[in-house]
Structures are given as structure tokens and as C-alpha cells.
Amino acid sequence: MRRWLTVFFVGGSIAYRGLFNWIRPAMYIPTMLGSPLFQLIFFTKLGQFAQAQSRDFYIVGNSVQVCAMSSVYGMTMAVANERWFGTLGPLLASPANRAAVFLGRGMPVLANGLLVSAFTFVAGTLLLGFRPGLAAVPALALVVVVTVVSCTAFGMLLGSIGLRAKDFFFAANLAYFLMLLFCGVNIPLDELPGWMSAVGRCLPLTHGIAAAREVAAGASLLHVWGLVLTELGIAAAYAAAGLALFRVLEHESRRSAVLDAY
Amino acid sequence: MLVIEAVDLRRTYRTTTGVIRRRPLDVEAVRGVSFAVEQGELFGLLGPNGAGKTTTIKMLITLLLPTSGDARVLGMDVVSQARDVRKRIGYVFGGDRGLYERLSARDNLRYFAELYGVSGKAQRTRIDEVLELVGLKGREQERVEGYSRGMRQRLHIARGILHDPEVVFLDEPTIGVDPVGARELRQTIADLIAAGKTVLLTTHYMFEADALCDRIAVIAKGEIVGEGTPAALKAGVAEGRVTEIEVFGVDDGVLSRLRVVDGVRAVTVEERDQKQLLVVQCAADRELTAPLLAQLDGFEVGRVTSREPTLEDAYVALVGAGD
């Protein structure tokens, strides 16, 4: 168990430093902080101009959704870059527990996603006048953590797909904007066409954003517990699917050399 | 004690051909390879590009499943006991890739130490030991992206032996490395044998195999076409002679005619700027210069020399025999 945990935590953190393309400040600041900041301001100002929803609707929605910058891109890089850096062969030739290797990659991504979300919430407070009650902050923080976990699990699945697919950044871009559109970030789910809201309910973020909006408006955690549990269930499903796909691809790579680009 | 055993090992890849109407195509990369390696032996698998060396090694290190046949490493089956095999072997391959570029050499080694279950306490001493062994001590805090090819290759070796494996598989470890770096790497490989490891080395450099290996198997088109000590392989062509002929503009038809001249064992061509060098392996008891030149009638012929065969000629003869 101790070995499993060291691979999970220590291995996950070293691998993240080795595989995350945007780790240098010159890349990290504009990508992980600048881009979410401008997304927040753009959609909040646009929403206020259109007078469609309240200001906080856009601030909460976007501040939670920007965690996907880390979860989708970071996790995709943390898994799929193994193949493109040529390190997949040595990794697969090692006896390390695959679940520890795979899930451990998620920890730094998760921490980064929380940082990006927290930064965007603070920017919303300082620049756009977002003022949740102090009492709401712990519940909001918990909801955000659960949502970032769920988003990271989704990133794990994308990362596994990226092991096999050649243009995985295309898929990551698609996923990011899909979440922006389908998860109720800037348009309420009920106002989307039926099929879009149905897809949105199967994606991470959707239930987390809904819960975050309610607790930011003063609802108790008990009131949104169903949404939080649903988001957790979605996280578990995507993490399991990502790990299962990784294992399937590993087996396939031995059987038919499908990952044989290393 | 046998450490590596391959028995009638085969591997077929399924690929497709055609642009619009894709048709499946089976490519036999390894076709019934069998060999055995004793404990403490340095065994060379020698062959041209695409001969099946890397596919064979990938099956032995559990990265690929054999299509048929059996392979055992340290008595364990590479298919059903893959995880146990992985714990006790090291794998090093040639080339620039396969390292975490943004990490330092020490962090690369730390990561693989975690993957191989080397405890934190043991890591500190073991990483220093392997860095010392491969000559990277003092440069270990630098990022790998700034390393030369030779340094990367030495780091590959350090990674492969970090967990002190009993068997080390080296897949073309000196490919693309400059002569001085390659010589240092060969010394490192010799040190592994001195330390009691069993090594399987693939290479297409004849002199490297000759200098390092206790025994060599020559593989061509997925099959082993010769096996033995370097001396025994050389002896196989020692009674022959080699005639080298400089020519201009010969085609495949001429080569085919040369190959059927009585007493010719093999013919290879080396392209040298505008001219070609024909290397003709001949039987020792025959004087073939005149019949060979007769086949080249009409072509411009330059220098013609005759010499004793080398180990490289033995390799060429073995590989060429299958053509």
C-alpha cells in the first residue's frame, strides 16, 4: 500500500512536471490565469449587456468552468504526452501498479484546477463585484472541489483517448468548448435544446455549477447535496472509464501494437 | 542456467494497404526465432534494419505478445507472468526519445525508481551509484533537454539498471552516438557483464557485436540465419575470398547475373557518390575475377581488388544468403 501511495503522490507529481507543457511561468500565466480571466470578463460583460441572467450567474458559471483549463488540457497532457515524448514504452515495461500511475497523474491537475478556479473567483470579486456571503464560502469551496475532481476525471478519459488518437489537442479543444456550451455555464440548461441539455447532464461541471450557484446565493449544503452527489457519481464514472480505457489500450498495445509509436 | 529462452517465437502484425479500398495485410516481423542465453552471458542479436530485432526484444520484455511460440526470462513466462518478469529485467533502447525532457536526470531516475519500487532510502544511494557508473555524476541536476545524444543514451542505461535487474535488454544503445561516446557506452556495457548481469544486445554494428558479445545470433527477415561465437561466425567465411569491384551504373539485372556465377556466394552493393562498389563473396579455391568482369562487359569498371574476409563479410554473407 505504501508503494502504491508513493507512486500515486510522488510519481504523479514528478510525471506532471515532466509532461505538462505549460508549466513554465511564461506559458502558465497567460494560459492558466490570463485566458480564464478574460473568459470571465467577456461572458460577464456580454451577459450584463444582454441582460439575460444576473451578473453572479456568469461569474459563478465561468469561475467553476475554467478549472477545465487544467482538467482537460493538463490531464490530457499528463497521460497522452507519454506516447508523444516516447516515454510510454519504458512506463509500460515497468511493473508499477497502473491505477496508481494513472490516478496519481490527477492530483497535481486537481490542485492546479482549484488554483485556476480560486483565482477566477477572486478576480470576479475584485473586478466584477461578486460578493457571496462569508458563510457561503466553505460550502462553495467544497462544491468547487467536487466539480474540479469530476472535471479531472473527465480529463483522464480524454487523456486515455489521446494515447490512441493522433490529434489529441483537437479533442481537448473540442471538449473544452463543448463544456462551455453544454454545461449551463452561460446559458441555463432549461433554455438549451432538449438533446443538448441531456448531453450536458452526462458531462462533468453541469451539476457542480448548478450547486455552486445555489450555495453562492445563500442555500445550504444540505439543500444541494443531491447535485453534489450526482457530480461525484459522474466523477467516479469518468475516472473508471479512463482507467479502464488505459488498461484496454495497454492490453491492445501488447496484442496488436496499437500504441507502437514509442 | 538459462536466463533467456525463446522457442519458435513468431510475431505477425496486421496492417492495411490501399487508400480507398483498404485491404488487411499480415506482416511477419519475426518468423520462428529460437535461442537461449546463459547467465552472465552477453548475447548479441545482430541484423539489418527491419530484421525483427526490436520486435523480438519487445516480446521478451513483455511489451508485445508473441503470435505463437514461447519465451521465458529467468524461468518466467513473458505472457502469463509479465509483471514478475518486469520487476527483474531492465530495458534500454537507443535514440533521443524516451526521457522526460523537462526534468533533470536525477528526477528522471527518481521517477523510474518509484515505478520500480525502489524505496526512498535506497533511491538516494542507488541513483548516485548509477550516475557514477554511466559518467553523468555532476550533470544530474541539469534538464535532459540540454543533454547531448551520448549523455541521453547513458541516462537510458542508468534508468535501465536503476533497480539492479538481473537481465538487461539493450536495443541498439549506441545508435547515432559519436565514436567517442559509443566507445564509452561499450565500456559501460562491458562493466554490466563484469558486475554479473546477463545482457541481450541488439545492434547492426558488426564491430560492436564482435567487441562485446560472447555469442551472436544473426537475424534477417525475421529468422535467425546464423548463430555462434564471433570467431565461429568468422570461420564460416574464412575459407572464402572477397573481390571488390568499382563500377558505374550497374542495375539489378547485372547483379542477378553476378549472383549466379559459379563460385559466387553473395553480392552486395555500396553506393559511393557516382560510383558503386560491388562486394563479391567468392569460394576460396576459385579465381573469379575474369568471369565477374565478363558479366560487367559494357559497363565502366574502376579498381578491382581481392582481400581476406572480415567479420562484416560473414554478416553480409549470412544476411545476403536469404535474398
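Let us start with one pair of residues: Ile245(B) faces Leu278(B), which belongs to strand 13 of chain B. The structure is a predicted model, in which local features need pLDDT of at least 70 and side-chain atom pairs count only at pLDDT 80 or more, while totals for chains, interfaces and linings use all residues. Residues are numbered from 1 along each chain as its sequence is written, and chains are lettered from A and ligands numbered from 1 in the order in which they are written.

**Chain B as a whole**

Chain B has 11 helices and 14 strands; helices (H or I, at least four residues) and strands (E, at least two) are DSSP runs, numbered from the N terminus. Along the principal axes, its C-alpha atoms fill a box of roughly 75 × 50 × 45 Å. Of the 323 residues in chain B, 41% are buried. Here a residue is buried if 20 or more other C-beta atoms lie within 10 Å of its own, exposed if 12 or fewer, and partly exposed in between, with C-beta atoms placed from the backbone. Among contacts in chain B with a separation of 6 or more, 72% join residues 24 or more positions apart; two residues are in contact if their C-beta atoms, placed from the backbone, lie within 7 Å.

**Two domains**

Chain B is assigned domain 1 (2-228) and domain 2 (235-321), with bounds that come from an automatic or database domain assignment. The C-alpha centres of domain 1 and domain 2 of chain B are 35 Å apart. Nine residues from domain 1 of chain B and six residues from domain 2 of chain B take part in the contact. On the domain 1 side, helix 7 (206-212), strand 9 (215-220) and strand 10 (223-228) of chain B are the elements that give two or more residues. That side of domain 1 of chain B has six nonpolar, two polar and one charged residues. For these classes, Ala, Val, Leu, Ile, Met, Phe, Trp, Tyr, Cys and Pro count as nonpolar, Asp, Glu, Lys and Arg as charged, and the others, Gly among them, as polar.

**The sheets**

One open sheet of chain B has four strands in the order 12-13-11-14, paired antiparallel. Its edges are strand 12 (264-272) and strand 14 (300-307) of chain B, each with a single partner strand, so one side of each has no neighbour in the sheet. Neighbouring strands are turned by 20 degrees against each other on average, direction ignored. Strand 14 of chain B lies largely in the open, because zero of its eight residues are buried. In strand 14 of chain B, Val301(B) is the bridge partner of Val247(B).

Helix 9 (residues 252-259) of chain B lies across strand 12 and strand 13 of chain B, at about 150 degrees to strand 12. Axes are lines fitted to C-alpha atoms, for helices over the stretch in contact, and angles run from 0 to 180 degrees between N-to-C directions.

Another open sheet of chain B, also of four strands, has the order 2-1-4-5 with antiparallel pairing. Val7(B) sits opposite Asp70(B) in strand 4 of chain B. Helix 1 (residues 53-60) of chain B lies across strand 1, strand 2 and strand 4 of chain B and runs at about 120 degrees to strand 1.

| Strand of chain B | Partner strand of chain B | Bridges |
|---|---|---|
| Strand 11 | Strand 13 | seven bridges |
| Strand 11 | Strand 14 | six bridges |
| Strand 1 | Strand 4 | five bridges |

**Core and chain contact**

The largest nonpolar core has 164 residues, and those with the most contacts inside it include Val143(A), Ala212(A) and Leu60(B). Helix 8 (residues 136-164) of chain A gives the most to this core, with 16 residues. Both domain 1 (2-228) and domain 2 (235-321) of chain B supply at least three residues to this core. A nonpolar core is a set of buried Ala, Val, Leu, Ile, Met, Phe, Trp, Tyr and Cys residues joined through C-beta atoms within 7 Å. Not counting residues up to four places away in sequence, Leu60(B) touches Ile4(B), Ala6(B), Ala71(B), Val73(B), Val78(B) and Phe169(B).

Between the chains, 23 residues of chain A are in contact with 27 residues of chain B. Helix 1 of chain A gives the most to the chain A side, with nine residues.

Methods
Two strands pair if DSSP finds at least two bridges between them.
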